[in-house]
Amino acid sequence: MSTDPPLEGTCKLRPGPIGDPVDSVAAEYAALADEYGPRNVLVLKRHPAGLERMTTELSDVAATTGSPRSPRVESVPEHASKVVEEFDPTLDRLEYEERIELISLVIDGTSRDVPAYIERASTHESFVRDVGQLLLEATRQGIRLDALESGGESPHDCLAFLYAINDRFHEEIASRGYVERADVIPRAVEVLEANVDGLRTRVTDSVDAVLAVEFEEYRRLDRRYLAALSEDADLVCLGERHASVERTRVETGRIEDVVGDGLEIETLEETTADDGSSGTSGKGRSGDRAPHDELTRFLATGESTAGRSGRAKRIRTRTERDQIRAVATEIRSLRERHGWRYDEFAVAVPRIERVPETRRALREAGVPTATIGTPSLAEDPAVNELYAFVTVQCERARGGVETDRYDRRRDDDHDAALERLRARVDDFSPALLETCSGTGVSRSLARWILETDLKGRIAATEEWVDAREQYEGVRRVLEIARFVEETDLVGPDWRGLRRMLRRTIRYDAPYVHTVDARAPTGGVAVRPIEDLKYDSREVVFVLDLIDEIYPGEQFLTQLFPTAWLRELSTYPAVTDLSPAAVDSTFAPPSSDDGVGTAFERYHAQRSRRRLALGSRAAQSVLYCCSYERGSGGLRRTHDESRYLTLIDSTPGLELEDVTTDATSSVRGATSAVETILEQPHGELERVLREASTGGEADLGETEALFCEIALVLEGEIDPDLAAAIRSQFEFAAGEVIRDE
C-alpha cells in the first residue's frame with residue numbers, strides 16, 4: 001500500500017491525443033487566472049519540450065478582468081531545480097562532462113567483484129551509454145540498493161553491482177557539494193515534504209492555484225512533488241488519455257487509476273466540426289478536422305473508425321539517404337504550392353541521436369533547419385582543434401618523458417595534433433604555442449581562442465547553425481578546463497585536462513543535452529518524435545517507419561537481453577508484465593491480442609503511441625516515411641512498420657503514395673545538381689538492366705529528365721559543376737578517370 005501524500009483537486013482528461021492540447025491548457029489557464037490573478041497561478045508542464053510555445057499561447061489569452069497576462073510557466077525539472085537551489089544555494093549542479101569523470105573514477109575504485117556479464121559487456125561500444133542511461137533512470141526514481149535489500153528485494157547480481165556503483169557515486173558528489181540533474185526532483189521532494197526551515201511555506205506562499213499540464217506523464221515522484229506544492233492551493237490537473245509514453249515506461253495503468261481518490265476525474269468533451277464529425281478546433285484549423293485525425297485516433301486508441309475516414313501520405317524509398325532527399329523535395333514542392341514557411345514544417349526522428357545527422361542531411365539537400373542540437377564532440381571541428389592544442393601543450397609540459405600508459409603512442413598523437421593545428425591556423429608557429437602557455441589551463445585555452453581568432457574563423461567559414469553548435473562546443477571545453485582546475489579528481493594541468501577531454505569526447509551522448517528548436521531565421525524543425533507532443537506544424541514528416549524501429553525489439557536497453565529483462569523485477573522500468581496489465585494500460589485493439597509476449601505487446605503499444613503523438617502535431621498534412629532494409633547479401637526488403645500495414649488494412653484509413661523515383665519533377669538548383677550528379681550513370685544502369693533481361697528500354701524517359709534539368713539550370717553553369725557532369729558521362733561510358 002502506497003503511503004504517498006494524496007492529490008486533492010480536479011483531474012480533467014481529454015478523451016485522446018486528437019487536436020492541439022494547448023487549446024485546452026489556454027482555456028483552463030484563463031479560468032484560473034481570472035479567479036486568482038495571473039501571477040498567482042503556477043503552470044507546471046511535466047517535460048520542457050514545447051514549453052516556449054505554451055508560454056507564448058498563454059500570454060495571448062484574453063483576460064476578462066483586463067489585467068495583463070504574464071503567465072508563470074515552468075517544467076517540473078526546472079521548478080524543482082529552483083527549489084533545491086533555494087534550499088542550499090551552495091550546491092552546484094553536476095554537468096554531464098563532470099559526471100562522466102566522477103562515475104569513471106568510482107568504477108575504477110570499486111571494491112566489489114565485477115560480474116562476469118558486466119565484464120564482457122564492457123567491451124561493447126554502447127556499454128557506457130547504456131549504463132549511463134540505466135543509472136540516470138535509477139536516480140530519477142530514487143532507487144537505492146540498501147533500500148531494495150532492506151525491503152526484501154534481491155536484485156540480480158548485475159543490477160546490484162550497478163546500483164552499488166550509483167550509490168557510491170552519489171555519496172562522492174554529495175561530499176563535494178554537487179547535485180546531479182537526475183537527482184533534482186527526488187531531492188526537491190524530500191526537502192518540500194519535510195518543510196525544512198519553512199521552505200515549502202516560502203515556495204508556495206504566492207501560489208493560489210496550480211495547473212499541472214501533461215498530467216498523464218507525471219510519475220510517482222512527480223505526483224509527490226505536485227502534492228507538496230498544492231497542499232494549500234487549488235489544483236487542476238490536465239492530461240490526455242491514450243497519450244502516456246514516458247510514465248508508462250516505468251509504471252503500468254492509466255493515469256486515472258494511479259492517482260488515488262482525492263482527484264475528481266472529469267472527461268473533457270471532444271469538439272465537433274461543422275460537418276458533424278468529431279474533431280478539435282486547434283490553432284490553424286478553424287474548427288475543421290485534419291485529414292489524418294482518424295489515423296491518429298486509431299494509432300492512439302485502436303478504436304474502430306466506425307465509418308469515419310482518415311488519410312495521410314506515404315513516402316517509400318530505397319535507402320535511408322533517399323528518404324531524406326525525398327522529404328527535402330516534398331518540402332520544396334509544398335512551399336511552392338502553398339507558400340508555407342520553412343518553420344511550418346517538422347521532421348520527426350525516432351530518437352534524439354538521429355537529430356544531428358538528419359538535420360545535416362536536410363541542409364545538404366538545400367533545406368534550412370531550425371533545430372540546434374548538440375552533436376557528438378568528436379565531430380566538432382572547433383573541439384578537435386582545442387583537443388589538438390591540449391595534446392601539444394601536454395607534450396611540451398612533459399618534456400618528452402612518457403608518464404602514463406595511455407600515452408605510449410604520444411609521438412603519433414603529437415604529430416597528428418600539430419598537423420591539425422597547422423591546417424586550421426594559417427600563422428601557426430611554436431612561438432604561438434609559447435604565447436598561449438599561460439598560468440592555468442583555462443587561461444591558456446582562452447588565450448589560444450583569442451590569439452587565433454577561433455570564434456571569428458568559425459563565424460567566417462560556417463553557416464550560423466553550425467557556428468552556434470561550435471560555439472557551444474568551445475564553451476563546453478572551457479567549462480571542462482575550469483572544472484579541472486577546481487576539482488581534486490584530476491590534476492589541474494594539461495595531462496589531467498587531456499584525460500578528461502578524451503573521456504568526454506569518447507563517451508559524449510546527445511540524449512543528455514538540450515535540443516533547442518528556437519531559430520532566429522526560421523527553418524524546418526528536426527525533433528525526436530515525443531518532443532512534438534505539444535507542438536503544432538502545418539506539415540510533419542515521420543521518418544524511419546520500418547518494423548525494426550516502430551515498434552523495434554530492444555525497447556528498454558541494449559545492455560541486457562530481452563529474455564533477461566523480463567526477469568529483472570528491480571530494473572528501473574516496466575518488465576514483469578501480465579496480459580491484464582497490458583489491457584489495463586493501453587486497451588490495445590483486439591487484432592493485437594496474443595501477438596508476442598506481454599512484455600513485447602506492452603512496449604510495442606508505447607511505440608505505437610509515439611507515432612500517434614507525432615502525427616497529431618500535423619495541422620494539414622502528415623507524411624509517413626520508410627526505406628528498404630538490407631537483410632543480408634544483396635537482397636533487400638521493404639520491411640514497413642506493422643502499424644502502417646495495419647493502417648493499410650483498416651477500412652476508412654488511407655495512405656497515399658508519393659512518387660519519389662528519378663522521373664519525378666526536379667525542383668530547385670540543389671535538387672537539379674543532385675540529379676545531374678546521379679545521372680547518366682544511373683540511366684545507363686537502367687538501360688543495361690533492361691537489355692540483359694531481354695526487355696526494351698525507353699530512352700524517351702531519360703531525354704525528358706535531362707530536358708527538365710537543363711531548364712532548371714539555364715544560364716551560366718559553374719565550371720566545377722560542368723567538370724563534374726562531364727566526369728559522370730565519362731564514368732558512364734567506362735572511360736578511365738582523367739588525370740589533368
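Modeller: Contact here means heavy atoms within 4.5 Å. Helices (H or I, at least four residues) and strands (E, at least two) are DSSP runs, numbered from the N terminus. The model is predicted, with pLDDT of at least 70 required for local features and 80 or more for side-chain atom pairs, while totals for chains, interfaces and linings use all residues. Residue numbers start from 1 along each chain as its sequence is written, and side-chain values use heavy atoms, without hydrogens or water.

Colleague: How many helices and strands does the secondary structure of the protein hold?

Modeller: The protein has 740 residues, and 53% of them count as buried (under 20% relative accessible area, with exposed over 50% and partly exposed in between, using a 1.4 Å probe and protein chains only). Of the contacts between residues at least 6 apart in sequence, 78% join residues at least 24 apart. The secondary structure comes to 31 helices and 16 strands.

Colleague: What is the strand order in the open sheet of six strands?

Modeller: Two strands pair if DSSP finds at least two bridges between them. The pairing in this open sheet is parallel, and its six strands follow the order β11-β10-β12-β13-β9-β16.

Colleague: Why is one side of β11 and of β16 left without a neighbour in the sheet?

Modeller: From one strand to the next, the sheet twists by 30° on average. Strands β11 (525–528) and β16 (653–657) each have a single partner strand, so one side of each lacks a neighbour because both stand at the edges.

Colleague: In β11, which residue is the bridge partner of alanine 348?

Modeller: Strand β10 covers residues 345–349 and runs parallel to β11, to which four bridges join it. For alanine 348, the bridge partner in β11 is arginine 527.

Colleague: What angle does the direction of helix α15 make with that of β11?

Modeller: Helix α15, residues 355–364, packs on the sheet and touches both β10 and β11. Axes are lines fitted to C-alpha atoms, for helices over the stretch in contact, and angles run from 0 to 180 degrees between N-to-C directions. On that basis, the directions of α15 and β11 make an angle of about 160°.

Colleague: At what angle to β16 does helix α13 run?

Modeller: Helix α13 spans residues 293–301. It lies across three strands of the structure, namely β9 (310–317), β13 (618–627) and β16. Relative to β16, the helix runs at about 115°.
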